[in-house]
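Please read these notes with the model open beside you. They are numbered so that each can be checked on its own.

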Amino acid sequence: MNIMNTTSHALRRCLTAWVVLLSATNLVAARGEEPAAGSAAQRWTLTTRDTTLTLGIGADQSLCLCELRGPDGWNWTGAASPFPLLDRIAVAGTPVALHWTYRDAAIDKSDGQKISLTFTNAEPAMELMSVWQAHDGPGPVRHTMFITNRSGQPVTIYEQESLAVRLASPAGAAHVWYISNDAGVPDETGVYRDALVAGYRKVLQIAEGQNFIPYAVVDAGGSQGVYIGWEWSIGRIALACDTAGAVTLQAGNGDEFKTDLGADETFEVPPGFIGAYQGDLDDAANSLHQYLFNHSVPEVLRADPTFPKV
């Protein structure tokens with residue numbers, strides 16, 4: 001049996017359906033400690049059947065991904081992985097650096113568990129909300145962000161990553177898998193597998209033409225790994241590896257992104273998700289497939305016994 005071809009077909013079926021679904025709709029059981037407003041060094045842990053993600057606020061008010069574990073228990077972040085928040089805007093064409101302060105957290109248990117962390121910038125007045133949601137059952141933790149202009153005047157905002165994390169493989173070696181979207185001219189390779197060696201760099205451009213599916217998997221020896229996805233049709237996933245088996249992943253609109261935001265307007269950063277798995281790539285894809293069916297597919301399709309139509 002050709003394992004690569006089998007994996008390629010399974011991944012293409014699952015992920016192509018996922019991209020179509022999320023584009024059409026425009027687009028974690030959890031436990032958490034409810035912190036006192038304004039306090040530092042707080043932590044919250046969200047857990048799906050597969051993925052355990054711990055968020056933290058450091059003494060310097062920064063947001064961190066403190067732990068990321070799969071069913072095997074390995075902590076893929078190793079140490080706390082800083083999550084960069086929007087660091088600059090422009091007011092009347094003049095660049096202004098932002099200095100975020102953690103304000104408070106809210107936990108909503110009406111649909112799984114959702115943790116909303118709010119940060120503020122004093123001058124000009126800006127607000128950023130980072131929302132992490134976990135559902136019961138298999139699948140990833142989903143992240144959405146909302147940036148609100150409270151300054152009373154128009155501003156220009158720049159790139160805010162939807163996901164950013166540094167991962168370290170338990171074996172000291174790993175590979176990244178990524179997939180062509182096959183728009184236009186078919187890609188003879190289709191599914192790519194690159195070794196994460198020191199100096200490795202890759203930018204997966206995501207566009208409406210022939211580029212890549214907004215999904216990447218970091219796999220350690222075919223027995224465990226982490227996957228990320230980005231719920232938008234134009235952007236990029238960037239990977240940078242300085243040490244073998246350790247990689248920094250970023251998913252977002254891209255370094256050239258900017259948009260104007262009027263007074264009291266809110267910009268919704270395209271969502272992303274991150275999950276850990278035990279097993280091979282088929283196990284990762286099956287977990288994601290169940291998550292998407294349970295939480296992203298419209299009810300009218302979930303109730304259709306002939307769906308999916310592939």
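Does Ser81 count as buried or exposed, and at what relative accessibility?

1. Ser81 has 4% relative accessibility, so this residue counts as buried; the term means under 20% relative accessible area, with exposed meaning over 50% and partly exposed in between (1.4 Å probe, protein chains only). Ser81 belongs to strand S5, residues 81–83. Strands (E, at least two residues) and helices (H or I, at least four) are DSSP runs, numbered from the N terminus. Neighbours within four places in sequence aside, Ser81 touches Leu63, Cys64, Leu65, Ala164, Val165 and Arg166, where contact means heavy atoms within 4.5 Å.

2. The model is predicted, so local features need pLDDT of at least 70 and side-chain atom pairs count only at pLDDT 80 or more, while totals for chains, interfaces and linings use all residues. Residues are numbered from 1 along each chain as its sequence is written, and side-chain values use heavy atoms, with hydrogens and water left out.

3. The protein chain contains three helices and 22 strands. Of its 310 residues, 50% count as buried. The chain exposes about 13,700 Å², and carbon and sulfur atoms supply 52% of this; the area comes from the Shrake-Rupley method with a 1.4 Å probe.

4. Strand S9 (residues 113–121) has seven of its nine residues buried, so the strand is largely enclosed by the rest of the structure. S9 pairs with strand S8 (residues 101–108) in the antiparallel sense over seven bridges; two strands pair if DSSP finds at least two bridges between them. Asp104 has Thr118 in S9 as its bridge partner. Four residues lie between the strands of this hairpin, where Gly112 has a positive phi near 70 degrees. S9 also runs antiparallel to strand S10 (residues 126–134), with nine bridges joining them.

5. Next, an open sheet of four strands. The order is S7-S6-S12-S21, and the pairing is antiparallel. At the edges are S7 (94–97) and S21 (258–261), each of which pairs on one side only. Inside the sheet, two bridges join S6 (residues 88–91) to S12 (residues 155–158), and Ile89 stands opposite Ile157 in S12.

6. Ile157 is also one of the residues with the most contacts inside the largest nonpolar core, which has 59 residues; Leu117, Phe119 and Leu167 are the others named. Such a core is a set of buried Ala, Val, Leu, Ile, Met, Phe, Trp, Tyr and Cys residues joined through side-chain atoms within 4.5 Å. Apart from this core lies another, of 14 residues, including Val191 and Tyr291. In soluble globular proteins, nonpolar side chains tend to be buried together.

7. Eleven aromatic pairs are found in the whole structure. Phe273 and Tyr291 form a tilted pair, 6.5 Å centre to centre with 50 degrees between the planes. Rings of Phe, Tyr and Trp (its six-membered ring) pair if their centres lie within 6.5 Å; planes under 30 degrees apart count as stacked, over 60 as edge-to-face and the rest as tilted. The pair links Phe273 in strand S22 (residues 266–278) to Tyr291 in helix H2 (residues 281–295). Both residues are buried. With Tyr215 and Tyr227, they form one aromatic cluster.
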